[in-house]
Amino acid sequence: MSKIVIIEDTETIREELKTFLITYGFDAIAPVNFENIIQETLNEAPDLILLDINLPIFDGYYICREIRKQSDVPIIVVTSRDNEMDELMSMNLGADDFITKPYNTQILLARIETILRRVQGSSMRDTVVYNDLKLNLSNGSVTYKGEKAELTKNEIKILSCLYKNKGKIVSREDLMDFMWNADVFVDDNNLSVNVTRLRKKLEALGMEKNIETRRGLGYILP
Amino acid sequence: MTFKEYVKDRAVFLLINCILFIIIGGIMILVRMNDQAVFLIFCIWFFPLISYILIEYFKQKTFYNELTGIMDNLDQKYLLPEVMTEPETMEGQVLYEVLRQANKDMHEHVKGYRDRENEYREYIETWIHEIKTPIASTRLIIENNQTGVTRNIQEEVKKIEEYIEQVLYYSRSNNVSKDYLIKEVSIVDLVRGVIKRNSRDFISKGISIDLEKVEGTVFSDAKWLEFILNQLIGNAIKYIRERDGKVIIHTVRNENNIVLTIEDNGIGISEKDIYRVFEKGFTGENGRKFGRSTGIGLYLCKKLADQLGLGLTITSKMGEGTKVSIIFPLGSENFIQ
């Protein structure tokens, strides 16, 4: 589980962001005391830091620079100041990415995952396992009890979205939104076709119990 | 200034001289003085007088001609006192001083307004910066508590955000030069980003999107472009009323420019309205019928596009759809003038 430290002074955002990241399977820590924030953060040995710019005591730029002196941990700067100068400044101080508030949470997640994948190497986070089904995100293949099949980009996206929400019903709209946010602009009909094909492929591998349709609600990977 | 006008101005002076001469001449004739003596007196009297008037006339004429010449060529007329030659005559100097003082006072007055405007602008920008924090919190709260209710709230929050963004760009639109960064921008990435921002609307209205033929890069400011594009795509979504909505985005590369076109099959704009859509506050028939139109969006787009040196054109057919094109000139002219 990747550990993320949230450095943010607005209490609501700090707590909600923490809840949000925990829901998505991260180990999120949000320090409340800013006096010794740099050392405290480094002691946690996080995999990634979400850093606000406007902070009490030290501003984000300073913290970013100080952390960089001691560690190569990825830093994503999150701020409501959306001008190019702040972005440049953050990049120059060694931040890995820059997101402006109010951000789309899915985009924030995607950026976090991209950076973590880059830093931790592709092997660690690219294979997910569901029951006996192994899904390899980087080459788009699935393996079920030794049988292997290739999936298209759309099918991979559908499967990974359902996998992330396994045990929960994902509405068609949410599924489409997830795909759109991954640059796949499918329409309603396409989605049905893709799901049907994906289901056939999984069945061909011998996986009888796979994606289920809940009429009027959406899809679920039980 | 003509000679006639000039003489008319000095009519009293000339008249007094004439009357005086007639009286003196009359007296001289009465005391039977020589006619030649009278003529001599006339010459001695009037020759210098007329020469003086003529010389003065030419002097003044050159001065005023130069002045009006400068005035005509000046871009900012109020700079006249700074560039004009200082007059030599006493009257001229008095006027010159008065003009300078009036001008100085006007400058201070204008500066007062400029300061006030800047202050207001700065306030608006800080305000926008601050309101983004509660909005970000709201979004996260919604994300963590997803129900039908919060989803509806999310839709409304998105609208609030769009209006806030409009305010930000409106306040910046008069002063682009302070806030832009020209970079190479990939049109595909830009378009995709904006579509993602509006993905929920596309999906919930069942609008399909086609961006197969989008390609190319341009040099411009990504943020401003994104704002313009977001307004245009937002409009496309807003005015699609039928089922089977479709938005087609494509680029065409010409010799001198790249044209990015956003095409929808929405309700379209009537012929009498289409020429006025870029006017500030113009809402037209569609605005009246469907509401939620402020008449600011397209006006701002046009204004920002102009400042970025981009073209913005719109064509539409009632009931068939609307096509909006952004024209990116290629080459050096694609920078802010």
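How are α7(B) and α9(B) oriented to each other? They are oblique to each other, a class that takes the angles left over once those under 35 degrees (roughly parallel), over 145 (roughly antiparallel) and 65 to 115 (roughly perpendicular) are set aside. The model is predicted, so local features need pLDDT of at least 70 and side-chain atom pairs count only at pLDDT 80 or more, while totals for chains, interfaces and linings use all residues. Residues are numbered from 1 along each chain as its sequence is written, and chains are lettered from A and ligands numbered from 1 in the order in which they are written.

**Chain A overall**

- Chain A has nine helices and eleven strands; helices (H or I, at least four residues) and strands (E, at least two) are DSSP runs, numbered from the N terminus.
- Its C-alpha atoms fill a box of roughly 60 × 35 × 25 Å along the principal axes.
- Of the 222 residues in chain A, 32% are buried, where buried requires 20 or more other C-beta atoms within 10 Å of the residue's own, exposed 12 or fewer, and partly exposed a count in between, with C-beta atoms placed from the backbone.
- Among the contacts in chain A with a separation of 6 or more, 54% join residues 24 or more positions apart; a contact needs C-beta atoms, placed from the backbone, within 7 Å.

**Helix α1 of chain A**

- Helix α1(A) covers residues 11-23, and its 13 residues should span 18 Å at 1.5 Å a residue, which agrees with the 18 Å between its end C-alpha atoms; the expected span is 1.5 Å times one less than the number of residues.
- Its buried residues are A:I13, A:R14, A:E16, A:L17, A:F20 and A:L21.
- The cover over these buried residues includes β1, β2 and α5 of chain A, together with α5 of chain B.
- Just after α1(A), A:G25 has a positive phi of about 85°.

**Where the chains meet**

- In chain B, 24 residues are in contact with 25 residues of chain A.
- On the chain B side, α5 (90-144), α7 (187-197), α8 (199-204) and β2 (208-210) each supply at least two residues.
- The most comes from α5(B), with eleven residues.
- By class, this side of chain B has eight nonpolar, eight polar and eight charged residues; Ala, Val, Leu, Ile, Met, Phe, Trp, Tyr, Cys and Pro count as nonpolar, Asp, Glu, Lys and Arg as charged, and the others, Gly among them, as polar.

**Helix pairs in chain B**

- The axes of α7(B) and α9(B) come within 9 Å and cross at roughly 50°; axes are lines fitted to C-alpha atoms, for helices over the stretch in contact, and angles run from 0 to 180 degrees between N-to-C directions.

**Residue B:T261**

- B:T261 lies in strand β5 (residues 257-264) of chain B.
- B:T261 counts as partly exposed because it has 19 C-beta neighbours inside 10 Å.
- Leaving out residues up to four places away in sequence, B:T261 touches B:H250, B:K323 and B:S325.

Definitions and conventions
Two residues are in contact if their C-beta atoms, placed from the backbone, lie within 7 Å.
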